[in-house]
Amino acid sequence: MRGFLIGGLMAAAAWLSPISVAQSFIDIEADPAIPTLQETFGYSPGEEITAPADALAYMKMLAEAAPDRMKLNEYARTWEGRKLVYGVISSPENMARIDEIQADIKSIASGTLSAGERADLVARTPAVVWLSYGVHGDEISSTDAALALAYHLLAAENDATVDRILDETIVIIDPMQNPDGRARFKASFEAARGLETSADPATAEHDQPWPGGRYNHYLFDMNRDWFAMTQPETVGRVEQMLDWYPVVVVDVHEMGGEETYFFAPSADPFNPYIRDEQRAKQTLIGKNHARWFDSRGFEYFTREVYDAFYPGYADMWPQLGGAVAMTYEQGSARGLEYQRKDGSMLTYRDGVEHHFISTLSTAEVVANNHDLFLGDFADYRSEVADEGRKSKSRYFIFDLAERRWQVEDLGRRLAAQEIAVQRVGPGFEACGTRYP
C-alpha cells in the first residue's frame, strides 16, 4: 500500500502521520501522472458509491492523462440523455495503429481468409477483451471496479501482468451500462443515509423506493434485450460489439447479499450452439479466477446457477458469434455495509475488489493464451462462413402477406445482428410452395 502526505508545510509537523490510501487493490509502482479517485473525489476505490456523472468524468480524466494508451468512445445516449461510453486501453504501440488492428479483426471475423492468411493475422493482431459493468443500475460495485481496473492498467509501472495484457490484448471497459438506474439508486441511498452507514439490511438505505435502480428509464431490463434490441442503450452496444468482435465478453453483476461470488463455468443448460472449445475456455478462465481468489481468501462458487442458454443475455448473445461470454455475480451490500445472517460483514469495498480481481484475471488469461483465444475465434468464424456457403438452400421463409409489420420488424432485427436477410420477388417458389 502506497502513501502520501497532504500539504508540504504540514508534513513537517511531528504530530502529522502519513495517510495511506489504496488506489489499486494490488500493490503497484504507480505513475503519478494518472489521477486517482482520492485525488479527484476524495475517496479510494470502494469507500463510496461513485455517482454516474463522476464515473464519466473520471473515465474522461484517465483518457486525457494517458492518450497514448486509452481512448474514450461515446456509443449511445440513454433515454434521459446520459452518455454511454467505453474506454479502449492497450499499449502505446497498439493504440498507434488501432484503426489497422480493428480492420484486421474485421477481416478475421469475416470468415473469408485462407488458413495461411488467418494465421498471419492472428499472430500480429491483439485479441479484444470486452468488460461490461452495471447493466442493472442498483448492482453498484461493478462500476467502481471498472474505474479501479482502468486506473490499474494505466498507472501500473514495471508490472509484468499489466504489460502483457497491454501488449497482447485490447481491453474495452464499458464502466456503466445503465447510468439512469444508477443515478436513481444513488439518489435514494444518499437520501436515506445517516451520519453513520447502517449494515442492517432492514434499514432505509438498503430499501430502494419504487421503481429502484435495476431498470433503465422505461423500466426495461436491458439484460434481456440483446436479441430484441428495443432500447437505445442495447442498440448502441450491439453495434459496437459487431465493430470490435471481442473474443471474450464479461457482464458484471450483483446478486443477493447472503451470496459470495459466482464466476464461470456456467451452469447447465448450455445452448446447443455453444461449442466444446468455448466451454473449455470458460473453465480455463475460471481456474485462473480460483487461483486469484484462493490466494486472497475470497469465497466463490461455479456451475450452480446462471446457465448459458437464452440468446438475449449479454453472457449468451456473443457466444453465438464465436466469443466466450460469461456472467460474474457478486453478493451485494446494496450500500456501503451489509451484515449477513451469520453475522459476517460484507462491505461495498469487498464487492469492488472482487470484481476488480475477476476482470483483471480475465484479461490476464486472454493475454497469456492469445493464440488460443484469437485462433479459435478465427477458426469458428471461418467454419461458420463455410457452412453458410455450402448450405445456400437452407433458409427460413416469412410470408409478408400475413402480419407484414412483424415480418419486416424481425427482418430489421436480424439484419442488425449480421444475419443475412433478403426480400424475394413475386412468384418465388421453395419446398413446393409458390409465394404470390
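Trainee: Which residue forms a salt bridge with aspartate 268, and how far apart are the closest N and O atoms?

Mentor: The partner of aspartate 268 is arginine 279, and the closest N and O atoms are 3.7 Å apart. A salt bridge is a side-chain nitrogen of Lys or Arg within 4 Å of a carboxyl oxygen of Asp or Glu, so the name applies. Please note that this is a predicted model, in which local features need pLDDT of at least 70, side-chain atom pairs count only at pLDDT 80 or more, and totals for chains, interfaces and linings use all residues. Residues are numbered from 1 along each chain as its sequence is written, and side-chain values use heavy atoms, with hydrogens and water left out.

Trainee: What does the pair of aspartate 268 and arginine 279 tie together?

Mentor: Aspartate 268 belongs to strand β11 (residues 267-270) and arginine 279 to helix α10 (residues 276-296), so the pair connects parts eleven residues apart in sequence. Helices (H or I, at least four residues) and strands (E, at least two) are DSSP runs, numbered from the N terminus.

Trainee: Why is aspartate 268 called exposed, and why is arginine 279 called partly exposed?

Mentor: Buried means under 20% relative accessible area, exposed over 50%, and partly exposed in between (1.4 Å probe, protein chains only). Aspartate 268 has 60% and is therefore exposed, while arginine 279 has 32% and is therefore partly exposed.

Trainee: Which residues form salt bridges with arginine 214?

Mentor: Arginine 214 forms one with glutamate 139, where the closest N and O atoms are 3.5 Å apart. This pair links distant parts of the chain, 75 residues apart. Arginine 214 also meets aspartate 221 in a salt bridge, at 3.0 Å from N to O.

Trainee: How do you know that glutamate 139 is buried?

Mentor: Its relative accessibility is 4%, so glutamate 139 counts as buried. Aspartate 221, at 12%, is therefore buried as well, whereas arginine 214 is partly exposed at 24%.

Trainee: What makes β8 largely enclosed by the rest of the structure?

Mentor: Six of the six residues of β8 are buried, which is why the strand is described in that way. Thr169, Val171 and Ile173 are buried on one side, and Ile170, Ile172 and Asp174 on the other.

Trainee: How do you know that β6 and β8 pair?

Mentor: Two strands pair if DSSP finds at least two bridges between them. Strand β6 (residues 127-133) and strand β8 (residues 169-174) have six bridges, in the parallel sense. Strand β5 (residues 83-89) pairs with β8 over three bridges, in the antiparallel sense.
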